[in-house]
Amino acid sequence: MVVTVSLLVLALIGAAAALIAAAVTRRAAAQRVDAALRTLAVPVAGARLDRRERPSLDRSLDDLERAVSVEHERRTEEARAENLLSWALGAIANGVVIFDDRGEIAYRNDPAATFLAARDSDALVEHAITTMAADALRGRGAERELELAGPPRRVLTVRARPLDSDTRPAGVLVVVEDTSERRRLENVRRDFVANISHELKTPVGALALLAETLLDEDEPDVVKRLAERLASEAFRVGNTIDDLLELSRLEVATGLATDRVPVAHFVGDAADRVRPAAEQRGITIEVERTPVRLTVVGDRRQLVSAVTNLLDNAVKYSEPGGSVEVAARTDGTWVDVTVSDRGIGIPRRDLERIFERFYRVDRARSRETGGTGLGLAIVRHVASNHRGEVRVESREGVGSTFTLRLPAGPGPVAVSREAG
């Protein structure tokens, strides 16, 4: 009996010890969970203000689950924002490179990737990116313009800006922008202002001088000659202004007309406009017969203007007594309107520049014939507006052939002999 009681007492003592150990363990576990939550700056046990209150493991686990849920939502939101930012930076045309505070690349979009680990002229861009990023990490942002010979010739602007923090830059943002088109437009605008000033200054000055001379002249023959010269200069100024207005209208044209224009109609209209000037020089304009069913889609006025300028140039630069030929061919997809002459031709060195505004191969002859230097620029814009192109083949002293290529209109077409 005494042995039994002793064994029972020992069992009770063991059970009590086990309960005490379990309680101590749970309390220690709760304290560790609370400490971890405080490290995460998460309030523990709701609003546990009484520091004497013993921590509860269940309550601490509830707090831990809540903290994990909040942290998961925060990280999900950060990942979503990071993906959105990465997509936005990848969608822009400029190259973007982000360096961390150690100078290592943390991000780059696709346009920037072409400049990193590059060869040839692009290696200059990579060198500029790395050196400017190193300077920006020392707090010195910079901007540099690079001209790459190509082909094609490009102008790039590289900007490096430090990403500020409280003590030192936390990283660097480098942006590479292709400013080639902007530079080209600036050059075109500057050249245009200079050229138009020159083109108008010369005839306007001549008009003023002729008018002053005419006031003091009494000889009828001299007055007649001065008046003819005055009218010629006024006509030249008028042509220049008309061509400028036409070119300006073509450049700002937005919605192109979708009319089906028979090729025979706009070619015939253009030939009729130029024929009086051609007859004065004894030049014959030969228009090859074109079926009316051959059409293009576009603006009839623009098409007449383009062919008129091609014919006008052909007449002006042909020798008296010569001929100018106009023909139209198609392969079912494209319509080629060709204007050929047997005039003085164009030197090879000038072929790539003749479509520039105010560019003249022979300035003396242009002044003599009243050319403005804008005709071929108008032709190029008309071709571009109609999703076509203009080509030229020429040999000096032999003649020139200009081809205005336009998309063929819908419906049946007359296929050329060559295509047939």
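What share of the 420 residues in the protein is buried? Buried residues make up 35% of them, where buried means under 20% relative accessible area, exposed over 50% and partly exposed in between, with a 1.4 Å probe and protein chains only.

1. Basis of the note. This is a predicted model, in which local features need pLDDT of at least 70 and side-chain atom pairs count only at pLDDT 80 or more, while totals for chains, interfaces and linings use all residues. Residues are numbered from 1 along each chain as its sequence is written, and side-chain values use heavy atoms, with hydrogens and water left out.

2. Overall make-up. The protein has ten helices and twelve strands; helices (H or I, at least four residues) and strands (E, at least two) are DSSP runs, numbered from the N terminus. Of the contacts between residues at least 6 apart in sequence, 62% join residues at least 24 apart, contact meaning heavy atoms within 4.5 Å.

3. Helices H7 and H8. The axes of H7 and H8 come within 8 Å and cross at roughly 35°. Axes are lines fitted to C-alpha atoms, for helices over the stretch in contact, and angles run from 0 to 180 degrees between N-to-C directions. The crossing is right-handed; this term applies if the near helix is turned clockwise from the far one by less than a right angle, and left-handed if anticlockwise. H7 contributes His265, Phe266, Asp269, Ala270, Ala271, Arg273, Val274, Ala277 and Ala278, and H8 contributes Arg300, Leu303, Val304, Val307, Thr308, Leu311, Asp312 and Val315. By class, this contact has eleven nonpolar, two polar and four charged residues. Ala, Val, Leu, Ile, Met, Phe, Trp, Tyr, Cys and Pro count as nonpolar, Asp, Glu, Lys and Arg as charged, and the others, Gly among them, as polar.

4. Helices H8 and H10. Helix H8 (residues 300-316) also meets helix H10 (residues 375-385), their axes coming within 9 Å and crossing at roughly 145°. This crossing is left-handed. On the H8 side the contact involves Gln302, Leu303, Ser305, Ala306, Asn309, Leu310 and Asn313, and on the H10 side Gly375, Leu376, Ile378, Val379, Val382 and Asn385. Seven of these residues are nonpolar, six are polar and none is charged.

5. Gln302 of helix H8 counts as buried, at 3% relative accessibility. Its side chain makes a polar contact of 3.4 Å with the side chain of Asn385. A polar contact is a pair of N or O atoms within 3.5 Å; within protein, one must be able to donate a hydrogen and the other to accept it, and residues adjacent in sequence count only if both atoms are side-chain atoms. H10 is largely enclosed by the rest of the structure, because eight of its eleven residues are buried. These are Gly375, Leu376, Ala377, Ile378, Val379, His381, Val382 and Ala383. Just after H10, Arg387 takes a positive phi of about 60°.

6. The whole structure holds 16 salt bridges, each a side-chain nitrogen of Lys or Arg within 4 Å of a carboxyl oxygen of Asp or Glu. One of them joins Asp135 and Arg138, with the closest N and O atoms 2.8 Å apart. Asp135 is partly exposed at 24% relative accessibility, whereas Arg138 is exposed with a relative accessible area of 55%. Another joins Arg275 and Asp272 (2.9 Å, N to O). Both residues lie in helix H7 (residues 263-280), three residues apart, about one turn of the helix. Arg275 is partly exposed at 26%, as is Asp272 at 49%.

7. Glu288 and Arg329 form a salt bridge with an N to O distance of 2.2 Å. Glu288 lies in the loop between strand S7 (284-287) and strand S8 (295-298) and Arg329 in strand S9 (residues 323-330), so the pair ties together parts that are 41 residues apart in sequence. Glu288 is partly exposed at 35%, and Arg329 is partly exposed at 28%. Elsewhere, salt bridges that share partners join Glu143, Arg159, Glu177 and Arg182 into one network.

8. Ser340. This residue belongs to strand S10 (residues 334-341) and is buried at 18% relative accessibility. A polar contact of 3.2 Å links the side chains of Ser340 and Thr401. Leaving aside residues up to four places away in sequence, Ser340 touches Ser323, Val324, Glu325, Ser400 and Thr401.
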